[in-house]
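This report describes selected features of a protein–DNA model. Please keep the sequence and the structure in view while reading.

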Protein chains: 2
Amino acid sequence: MEPASSADGPRTTGRSTLRDVAKLAGVSIATASKALNNQPQVRAETRAKVIQAAEQLSFSPNTLAQGLITQRSGTVGLLTSDLEGRFSIPILMGAEDAFGSDQTSVFLCDARGDTLRERHHLRALLSRRVDGLIVVGARPDARPSLGRDLPVPVIYAYSPSDDPADLSLVTDNVGGGRLAVDHLIRHGRRRIAHISGDPSYGAAQDRARGALDRLGEEGLPLAGDQVWFGAWSEAWGRGATRMLLQRDPDIDAIFAGSDEIARGVLDVLHQEKLAVPTQVAVIGFDNWNILAVNARPPLTTIDMNLEALGRLAAQRLFSAIDGTLGSGVETVAPRLITRESTAPLD
Amino acid sequence: MEPASSADGPRTTGRSTLRDVAKLAGVSIATASKALNNQPQVRAETRAKVIQAAEQLSFSPNTLAQGLITQRSGTVGLLTSDLEGRFSIPILMGAEDAFGSDQTSVFLCDARGDTLRERHHLRALLSRRVDGLIVVGARPDARPSLGRDLPVPVIYAYSPSDDPADLSLVTDNVGGGRLAVDHLIRHGRRRIAHISGDPSYGAAQDRARGALDRLGEEGLPLAGDQVWFGAWSEAWGRGATRMLLQRDPDIDAIFAGSDEIARGVLDVLHQEKLAVPTQVAVIGFDNWNILAVNARPPLTTIDMNLEALGRLAAQRLFSAIDGTLGSGVETVAPRLITRESTAPLD
DNA sequence: CGGAAGACCGAAAAGGTTTTCAGGAACGTA
DNA sequence: TACGTTCCTGAAAACCTTTTCGGTCTTCCG
């Protein structure tokens, strides 16, 4: 039986209970609860007393206890496969942001691409009674579903689930490819080449398809005879550009499958004394700021809107928590970021 | 043995309680708890029955209820100021990793550099009864303390707290500067210049100091007459290098305050036909892979060991949770990453 | 065979909150 | 005065688990 001496202990914050508040306000616990939660059945005067007491004790309700009763923890799990990779981060920020404004907190779990670790984290999260899950994959290709019989709604972001019964949110890479080429065409380019990354990535294929579609609509051929697939690196951007220029010296635009590749492209164009954008326009993909903004000239690029994707995932999940969840794959439109590598000031 | 109609109900996972397990096993709740928690006062045979029942129902204990009793939620808060910035991420990964192996989960909160939002998140985290907090700042300079009267231990990572009573973990930037210059000296360089970023950053000053210290020990002057402070950008790297070469054309090494700056440096050295590393060696700072690995040639650089810093923060916090926390500023040693921009293959 | 020791199990309290329901007070009306 | 309303308030149950403590049953020894 400690006499709750408030003067001696340093812990003035956060550890008083509703019982303390009630006692100080001279009411019952039930009334205190109702007063603080804006329940109507309490007199204004009483409510004021309680609120005053709560503030004096800097009371904050124990969310664990609340969760136990309401059967809702007010938390969600964010299960990512590669935190290191740059794509998770904006998604994660968007989700955290969207939840933050509701009173939901986010558990972050990084599986590091390891299935075992993923299952481990999944168990832990379910044990913590999360209200839902967002699964962020490492690359934009289908990944194994977590399964159908989970007690909480799950949304797959960036990497779609391989089970069509799940709900997945992905970026529209075909649309991104179209958007890039469309921009080049609008600016009068006609001999457009495409250098991209690892062809085993669905995203690489999709972007190329979008590009070809748009070219086809205009009756234009793809310059350089082929899509130059390779790797997602500056080195490949450099190598491919050299080969491309040999094969087809008078291209007037290059659509790079990533900003990294675009940097390599720019590098070689400089060496070859080809002016950007006057002679050759260059457009990238990803809007990876550090690369795009610092490029010479700054790089026009396609932004996948990943933060919006994250926010959308959060919203979908939130409304699924007490409703029911859809299924299938939903796409998020990318957007064009115009900088100087394509747009001569007119 | 038993059909247990697994086909009809979808929720086979996660929502059964200890009571269900006990009933199925034909024991009391108390016994079930003891059996599952390896308490000794239960017969092996009974324990087996309980475990079998728990598995059949895929029981997982409600952590909220456990936390209510044990007065320990098994969670910590990770309060970051800029998730976007690249420095938070590795720290966060390290912390998440270190906690993951214990059974602690991490709440991620991004204050976006906004004090108000930070306080909001702090309240929320305390309400969730986190067992501790790690605060990750946006830049490596002192930041306001969260206060002394928090009911849980707090550790400041990357940005130290301005209150010396708090415990802060930071990178040793002076040591990093020493390390960089030491490496150059060991490889026979004598005319070493230093180009760095925004001089209002403590890190910029510290790295410069470390560099100068090490030069002084060797009796060497700083080439280029001064430390070239400017901005943390490629553009400044380029500009400073041009000016530097004009002032002092026969330097044989440049220590760049960041990898971004180093990229700019390399760019201009190329233009000026100065061979790297044979004529001029270049060393960066940060080991930001995307920049360092893709550089021509790949960039030797200093890695701040941020992931280790995150892990250390987690460990310190973990041991502080039931003990007491130290105070002051503790530094983490950086390490040298050798690539081709300084080391001619000998 | 009586009794003590030991092994195992279950009832119940605790942790902090929300919510239901019954009761009490004040008040107006018949 | 008696009674029905309307407002407020408080006791208690519930959420799920852990832990203490007392009880039952077996076993072994004298």
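## A strand covered on both faces

In this predicted model, strand β1(B) is covered on both of its faces. Residues count as buried when their relative accessible area is under 20%. Since 6 of the 6 residues of β1(B), which spans residues 75-80, are buried, the strand is largely enclosed by the rest of the structure.

## The partners of β1(B)

Strands of a sheet pair through backbone hydrogen bonds, and the pairing may be parallel or antiparallel. With strand β2(B), residues 105-110, β1(B) pairs in the parallel sense over 6 bridges. Within this pairing, L108(B) of β2(B) is the bridge partner of L78(B). β1(B) and β2(B) also belong to a right-handed β-α-β unit, together with helix α5(B), residues 88-101.

Strand β3(B), residues 133-136, likewise runs parallel to β1(B), and 4 bridges join the two strands. Here G77(B) stands opposite L133(B), while T80(B) stands opposite V136(B).

## The sheet across two chains

Which strands make up the sheet, and in what order? The sheet is open and has 12 strands, in the order β11(A)-β5(A)-β4(A)-β3(A)-β1(A)-β2(A)-β2(B)-β1(B)-β3(B)-β4(B)-β5(B)-β11(B), with mixed pairing. At the edges stand β11(A) and β11(B), each covering residues 328-332 of its chain; each has a single partner strand, so one side of each is left without a neighbour in the sheet. From one strand to the next, the twist averages 25°.

A helix accompanies the strands of chain B. Helix α12(B), residues 306-322, lies across β1, β3, β4, β5 and β11 of chain B. Its direction is at about 165° to that of β5(B).

## Contacts with DNA strand C

Around DNA strand C there are 26 residues, of which L18(A), S33(A), I69(A), K34(B) and T46(B) come nearest. Helices α2 and α4 of chain A and α2 and α4 of chain B each supply at least two residues of the surface near this DNA strand. The helix that gives the most is α2(A), with 4 residues.

Of the atoms of DNA strand C within 4 Å of the protein, 65% belong to sugar or phosphate, and the rest belong to bases. Several polar atoms of the protein lie beside phosphate oxygens of this DNA strand. A polar backbone atom of L18(A) is 2.4 Å from a phosphate oxygen, and a polar backbone atom of R43(B) is 3.0 Å from one. In T46(B), a polar side-chain atom lies 2.4 Å from a phosphate oxygen.

## Contacts with DNA strand D

DNA strand D has 25 residues around it, and S28(A), K34(A), T46(A), L18(B) and I69(B) come nearest. Sugar and phosphate account for 71% of the atoms of DNA strand D that come within 4 Å of the protein. The surface near DNA strand D receives at least two residues from each of α2(A), α4(A), α2(B) and α4(B). The largest share, 4 residues, comes from α2(B).

Which side chains have an N or O atom 3.1 Å from a phosphate oxygen of DNA strand D? One belongs to T31(A), and another belongs to R43(A). From chain B, a polar side-chain atom of N37(B) lies 3.3 Å from a phosphate oxygen of DNA strand D.

Terms used
Residues numbered from 1 in each chain as written. Chains lettered and ligands numbered in written order. Predicted model: local features only at pLDDT ≥ 70, side-chain atom pairs only at ≥ 80, totals over all residues. Heavy atoms only, no water. Buried < 20%, exposed > 50% of the residue type's maximum accessible area, 1.4 Å probe, protein only. Pairing = 2+ DSSP bridges. Right-handed = clockwise from strand over helix to strand, strands pointing away. Axes fitted to C-alpha atoms, helices over the stretch in contact; angles between N-to-C directions. Contact = heavy atoms within 4.5 Å. Near = heavy atom within 4 Å. Polar contact = N/O pair within 3.5 Å; in protein donor to acceptor, adjacent residues only side chain to side chain.
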